[in-house]
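Open your viewer and keep the selection tool at hand. We will go from stop to stop.

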Amino acid sequence: MHAAWAPVSPAAGLSSPDIWAGMSSLQYLHLSQSCVSGPPPESLAALQQLQVLRAANTKLTGQLPAAYGILGSLTELDVSNSNLVGSIPGAWADATVLRRIARGQLQHAQQQLQQAAAGDA
């Protein structure tokens with residue numbers, strides 16, 4: 001198993017595309033219980049091999065960008081206890097994508113995953 005650790009400095013900010021440059025093989029991103037705040041950056045969509053995104057207990061706000069729908073390797077998303085609202089990207093309803101979600105305030109996420117899983121059977 002190949003794992004990569006990406007230390008994130010609050011001063012650098014997550015929204016700068018430069019922070020993700022050279023990390024295209026990143027598979028696990030753990031931001032939980034960090035001081036990360038503001039809207040989730042669209043630039044994370046460049047992490048095409050990302051499998052696990054954990055951002056629980058953060059101050060993320062707003063909605064997940066629709067651009068995250070191209071994260072086809074993502075199998076786990078934890079944004080519980082954050083201030084995100086809205087729904088998950090529609091592309092994630094595909095049964096081959098997200099398998100586990102801790103959704104916090106995201107609407108319809110669990111229903112979409114259940115419908116996708118039913119189509120898998």
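Here is what to select, and what is there.

This is a predicted model: local features need pLDDT of at least 70, side-chain atom pairs count only at pLDDT 80 or more, and totals for chains, interfaces and linings use all residues. Residues are numbered from 1 along each chain as its sequence is written, and side-chain values use heavy atoms, without hydrogens and water.

**Stop one: the sheet.** Select β2, β4 and β6. They form an open sheet in the order β2-β4-β6, with parallel pairing. Its edge strands are β2 (37–38) and β6 (83–84), each pairing on one side only. Strands are DSSP runs of E, at least two residues, numbered from the N terminus. Two strands pair if DSSP finds at least two bridges between them. β2 and β4 are joined by two bridges. Pick Ser-37: its bridge partner in β4 is Lys-59.

**Stop two: the loop between β4 and β5.** Select Ile-70, which sits in this loop. Is Ile-70 buried or exposed? Ile-70 is exposed, at 52% relative accessibility. Buried means under 20% relative accessible area, exposed over 50%, partly exposed in between (1.4 Å probe, protein chains only). Leaving out residues up to four places away in sequence, Ile-70 touches Ala-45 and Gln-48. Contact means heavy atoms within 4.5 Å. Now move to Thr-75, in the loop between β4 (59–62) and β5 (76–78). Thr-75 is partly exposed, with a relative accessible area of 34%.

**Stop three: Leu-47.** Select Leu-47 and show its contacts. Beyond residues up to four places away in sequence, Leu-47 touches Trp-20, Met-23, Leu-26, Leu-29 and Leu-71.

Methods. Helix = DSSP H or I, 4+ residues; strand = E, 2+ residues; numbered from the N terminus.
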